[in-house]
Amino acid sequence: MKVGVIGSGAIGPDLAYGFISALAGSGGGTVYLHDIRKEALDAGMARIMGYVKKGISRGKLSPKVGQAVSKGLVPTLDIGDLADCEYVLEAATEDLTLKKGILTKLEEVVSPDCLIGFATSGLPRSKIAAEVKHPGRCFVNHPFFPAWRSPPVEVVPSEDPAMTARMMATLEKLGKVPIFTADVVCFAADDVFVNYCAEAARLFTEGVGTPAQIDAIVNEAIGGGGPFNVMDLTSGNLLNVHCLELMRDDRDDGQWFEPPPVFTEQANTPWHDRKDPGDPTHDEATKKEVLDRILAVVFARTAYVVDNDICHPREMNWMTKNALGYRAGILDIMEEYGADEVHRMVTEYAARFDGFEVPPSIANKTFVDFYRHLVTERDGDLAVVTIRRPEVLNALSSQVHAELRAEFEILDADDSVKGIVLTSYQGAIAGADIQELAVLETPEAATEMCRNGMAVLSFIEGISKPVVAAVDGPVLGGGSELSMACHARVVGKRLVQGQPEVNLGIIPGNGGTMRLPRIVGFDNAVKMLRTAAPVNAGKACAMGWATGDPVDDPVAAAKDLIAKHLAGEVKLAPVDPAPMEVPTQFPKTEIGHHSLSIDAILCDVLRRGLDMPLSQGLEVEALGFGDCKRTIDFDIGMTNFVVNGPRVPADFINE
C-alpha cells in the first residue's frame with residue numbers, strides 16, 4: 001500500500017508515523033511525507049526518527065518494526081512522487097484558499113481513484129471540495145492529538161458510497177477508527193472541545209480561577225487533564241480562534257461563539273509555567289462556579305451534536321472519551337449527573353449568557369437511549385451484530401453482556417430475522433474486561449459475575465435461529481467463550497484463539513472449561529486450558545473449533561453458512577450439552593510458570609463438570625472461578641496484568 005501525507009508541520013509527521021507503523025505491523029507499505037520546504041521536511045523526519053528511537057528503547061517497538069518504519073517512510077519535496085498513492089491526506093494548513101490550491105495540484109498528479117483526505121479541525125467538506133474534478137473520492141479526515149497514536153478520525157463521507165466504503169476500510173488498515181459526522185463546521189468532537197476551552201478562558205479572564213485551579217477542578221470531575229493543560233500540549237490557542245470564528249460566522253446569532261481575546265493574546269505561549277505550575281487549591285465556591293459553567297457548555301454542545309444528527313450518540317459518546325480524553329463518554333457522564341442536574345446547569349448558564357442554546361433533549365430532560373458498544377445492521381433476513389470497543393480490542397464488559405442479552409432478545413422475537421451473525425470491530429474479541437475482574441472483592445462476587453455472563457451466553461446458545469460467530473485477530477478468553485456459545489464459528493486468517501486465563505491466576509468463567517472440550521476434544525482442550533497456549537486460524541479449523549478454512553471475509557462467509565443452513569444443506573446447532581466421558585488420567589502437560597493452585601482448581605472443574613450436563617457443569621465452573629479468588633495467586637495475576645500488561649509472566653507463589 002502506498003500512502004501520502006502532505007505537510008510536515010505540526011501534525012503531518014505524526015500522521016505519517018502512525019500510518020507507516022500500522023503498515024509495518026501488517027505486511028509493510030510506503031508512506032510519502034511531502035512538504036515544499038526542506039527545513040520543515042527535515043524537522044518532521046527528525047521527529048519521526050525520535051519516536052522510533054524512543055519506542056525501541058522503551059520496548060514498545062521491536063527493532064524489526066522500527067527498521068520497517070524507517071525503510072517505508074519516504075520524505076519528498078516533489079508532489080509528483082505521490083502519483084501512485086492509493087490515499088493521500090493533506091495536513092498542511094487550515095487556510096481554505098491554500099487547501100484548495102494544494103488539492104488542485106494534487107489532482108493533477110494522482111489517479112482519479114486515489115482517495116483524498118483533508119485533515120481539518122473545522123472547515124466543511126463542501127467548501128474544500130467545491131471545485132474538485134472528482135468529488136466522490138474527497139473526504140474530511142479529522143484526526144486527534146496525538147495524531148500518531150489517537151485512534152479516532154472524524155470522516156465526512158462523499159456522495160459516492162463505494163468510495164466512502166474504501167475510505168473507511170483504508171483508515172482502518174492505517175490503524176484508525178473512522179467515525180461518520182455530518183458536513184458542518186467543526187463537525188462533532190471539536191464543537192465540544194473548542195467551546196470547552198473557550199469557557200475555561202472566559203473563567204480565567206473573569207478572575208474566577210487560575211489555569212492551575214481550573215484544570216484541577218475539571219480534571220477531578222471529568223478527567224482529560226484540564227483545558228489549559230490540553231491547550232498547552234496541542235498549542236491550540238490560535239486553532240481555537242479559527243474554529244470559534246467558523247462557528248460564529250455560520251450562524252445569524254453566533255455572538256456566544258466569539259473567541260475570547262485572551263486566546264490571541266496568549267498565542268503560542270503556554271498557559272502553565274512548568275517551573276512554577278501554580279497552586280491548584282481552591283474553595284468550594286470556585287469549584288461550583290467552574291464546574292457549573294464548564295459542564296453546562298460540555299453537556300449542551302454534546303447534546304446539540306446528538307440532537308441535530310451530526311454524529312450518532314454511540315460514536316459521539318465514544319469519541320468524547322477516546323478523542324478528547326475524558327474519563328468516560330460525555331453522554332455517560334450526563335447520566336451520572338442526572339437529567340435534573342444537567343437541566344439546571346444548562347438553563348442557568350443560558351439565562352446568564354446571550355446566544356447560548358439549550359438543546360431540546362436537555363430542555364425536555366430526555367436523554368437519548370442507545371447501545372454503547374453494539375451496532376446491529378440488517379442484510380435481508382439476516383442481522384449482523386457487531387461489538388464495538390476498538391480501544392480495548394472489543395473486550396467484553398458487563399455492559400457489553402447486558403447489551404448483547406437485550407439485543408438478542410429483540411432479534412429472537414423478530415420474525416423477519418432468520419439468522420444472526422455475531423462479529424466485532426475488525427474481528428477481534430480480546431477477552432473479558434480485566435478492570436472488572438481486578439476489583440472483585442470476594443469469591444461470592446466472582447462466582448456471581450460468572451453466573452451473570454453465563455446466563456447471557458446460554459440465552460444466545462438457546463435461541464432457535466442460527467447464530468454464527470465471525471471472528472478474526474485475537475479471540476481470547478471471554479471472546480473465545482462467547483464464540484463457542486454460537487452455533488458455529490467462521491474465522492479470518494489472522495485469528496489467534498485461546499483461553500489464556502491461567503496467565504492471570506484464574507480459570508475460564510464463561511463456559512470455556514465446559515464448551516471447549518466438547519468442541520475440540522478433551523486432550524486438545526486440556527492442553528490449551530492448562531498452558532494458555534493459543535492456536536492460529538489453521539489449527540482452530542483443523543481441530544473443529546471453526547467451520548471450513550480461514551477466509552478473507554468472515555462476515556460474508558458466516559452469512560453464506562447461515563444461508564446453507566436455512567436451505568437445509570448444513571445443520572448448525574449448539575454444542576452437545578450431554579455429559580462427556582472424562583479420562584481417569586489427564587494427558588501429561590507441562591504448565592510452566594503457571595500457578596499450581598489454579599491448575600488444581602482447573603483440573604477439578606474439568607473432572608467434575610464435564611461429567612455432568614452442560615448447565616450443571618457451568619455452575620461447577622462458576623464456583624471454581626470463585627475458588628480462584630480465595631488464592632493469593634488470583635491477586636498476583638491480576639496485579640501483574642494491570643501493572644505490567646499481558647507480556648510479563650506473573651510470579652505466582654502457588655497458594
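D292 and K288 form a salt bridge, with the closest N and O atoms 2.7 Å apart. A salt bridge here is a side-chain nitrogen of Lys or Arg within 4 Å of a carboxyl oxygen of Asp or Glu. Both residues sit in helix α12 (residues 284–307), 4 residues apart, about one turn of the helix. An α-helix has 3.6 residues a turn, so residues three or four places apart point the same way. D292 is buried at 14% relative accessibility, while K288 is partly exposed at 48%. Buried means under 20% relative accessible area, exposed over 50%, and partly exposed in between (1.4 Å probe, protein chains only). Helices (H or I, at least four residues) and strands (E, at least two) are DSSP runs, numbered from the N terminus.

This is a predicted model: local features need pLDDT of at least 70, side-chain atom pairs count only at pLDDT 80 or more, and totals for chains, interfaces and linings use all residues. Residues are numbered from 1 along each chain as its sequence is written, and side-chain values use heavy atoms, with hydrogens and water left out.

R372 pairs with D332 in another salt bridge, closest N and O atoms 2.7 Å apart. R372 lies in the loop between α16 (360–363) and β9 (374–379) and D332 in helix α14 (residues 330–337), so the pair ties together parts that are 40 residues apart in sequence. R372 is buried at 10% relative accessibility; D332 is partly exposed at 22%.

| Salt bridge | N to O distance |
|---|---|
| D292 and K288 | 2.7 Å |
| R372 and D332 | 2.7 Å |
| D249 and R248 | 2.8 Å |

D249 is exposed, at 55% relative accessibility. The count comes to 39 salt bridges. A network of salt bridges links E199, R202, E206, E289, R293 and R352.

Charge also gathers on the surface. K54, R58, K60 and R149 form a positive patch. Patch residues have over 30% relative accessible area and no salt bridge, with like charges joined within 9 Å. K54 belongs to helix α2 (residues 38–57) and is partly exposed, with a relative accessible area of 44%.

Helix α22 (residues 522–531) is mostly covered, with 7 of its 10 residues buried. These are F522, A525, V526, M528, L529, R530 and T531. Their cover includes β15 (496–498), α21 (512–520), β16 (535–536), α23 (537–543) and α25 (596–609). Just after α22, A532 takes a positive phi of about 70°.

Key
Patch = residues over 30% accessible without salt bridge, like charges linked within 9 Å, V, L, I, M, F, W, Y side chains within 5 Å. Areas by Shrake-Rupley, 256 points an atom, 1.4 Å probe, with all protein chains shown as cover. Lys, Arg positive; Asp, Glu negative; His and termini not counted. Charge placed at Lys NZ, Arg CZ, Asp CG, Glu CD. Contact = heavy atoms within 4.5 Å.
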